[in-house]
Amino acid sequence: IPHWEITCARYAPQMRERLLANVWCAHCHHEVTMVNFSGRVREGALLLVGQCAECRGDVARRIEGDAEC
């Protein structure tokens, strides 16, 4: 199991949905849902990289390692 999946598993399903549905898209200029994402732990934080569900542009989300759910 990749390390980011273990890290991501800490979060309740509702929190995971909120994190993926609350991503800023620079092209659409508003919050969107991230799809087709992958993740990795970088500098103690989970970095998710994927596509905007609306325009399919690149989006990313950094989740701090000490985030409370």
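In the predicted model, strand 3 (34-42) pairs with strand 4 (45-52) in the antiparallel sense, over seven bridges. Within this pairing, Val-41 has Leu-46 of strand 4 as its bridge partner. The two strands form a hairpin with two residues between them, and Glu-43 takes a positive phi near 55 degrees there.

Strand 4 also pairs with strand 5 (58-64), again in the antiparallel sense and over seven bridges. On this side, the bridge partner of Leu-46 is Ile-63 in strand 5, and that of Val-49 is Ala-60 in strand 5. Strand 4 is mostly covered, with six of its eight residues buried.

These strands belong to a protein with two helices and five strands. Read from the N terminus, the elements follow the order α-α-β-β-β-β-β. The protein has 69 residues, of which 30% count as buried. Of the contacts with a separation of 6 or more, 34% are between residues 24 or more positions apart. The accessible surface comes to about 4,700 Å², and carbon and sulfur atoms account for 51% of this area.

The largest nonpolar core contains 13 residues. Among its members, Cys-25, Met-34, Leu-48, Cys-52 and Val-59 touch the most others. At least two residues of this core come from each of helix 2 (13-20), strand 1 (23-25), strand 4 and strand 5. In soluble globular proteins, nonpolar side chains tend to be buried together. When residues up to four places away in sequence are not counted, Val-59 touches Val-23, Trp-24 and Cys-25, as well as Met-34.

In helix 2, the buried residues are Met-15, Leu-19 and Leu-20. These three lie on the same side of helix 2, because they cover an arc of only 130 degrees around the axis. An α-helix has 3.6 residues a turn, so residues three or four places apart point the same way. The other side of helix 2 carries Gln-14, Glu-17 and Arg-18, which are exposed. The cover over the buried residues of helix 2 includes strand 1, strand 2 (30-32), strand 3, strand 4 and strand 5.

A search for salt bridges across the whole structure finds one. Arg-62 forms a salt bridge with Glu-64, and the closest N and O atoms are 2.9 Å apart. Side chains of opposite charge can pair when their charged atoms come close. Arg-62 has a relative accessible area of 43% and is therefore partly exposed. Glu-64 also counts as partly exposed, because its relative accessibility is 45%.

Key
Residues numbered from 1 in each chain as written. Predicted model: local features only at pLDDT ≥ 70, side-chain atom pairs only at ≥ 80, totals over all residues. Heavy atoms only, no water. Core = buried A, V, L, I, M, F, W, Y, C linked by side-chain atoms within 4.5 Å. Buried < 20%, exposed > 50% of the residue type's maximum accessible area, 1.4 Å probe, protein only. Helix = DSSP H or I, 4+ residues; strand = E, 2+ residues; numbered from the N terminus. Contact = heavy atoms within 4.5 Å. Arc of directions from axis to C-beta. Pairing = 2+ DSSP bridges. Salt bridge = Lys/Arg side-chain N within 4 Å of Asp/Glu carboxyl O. Areas by Shrake-Rupley, 256 points an atom, 1.4 Å probe, with all protein chains shown as cover.
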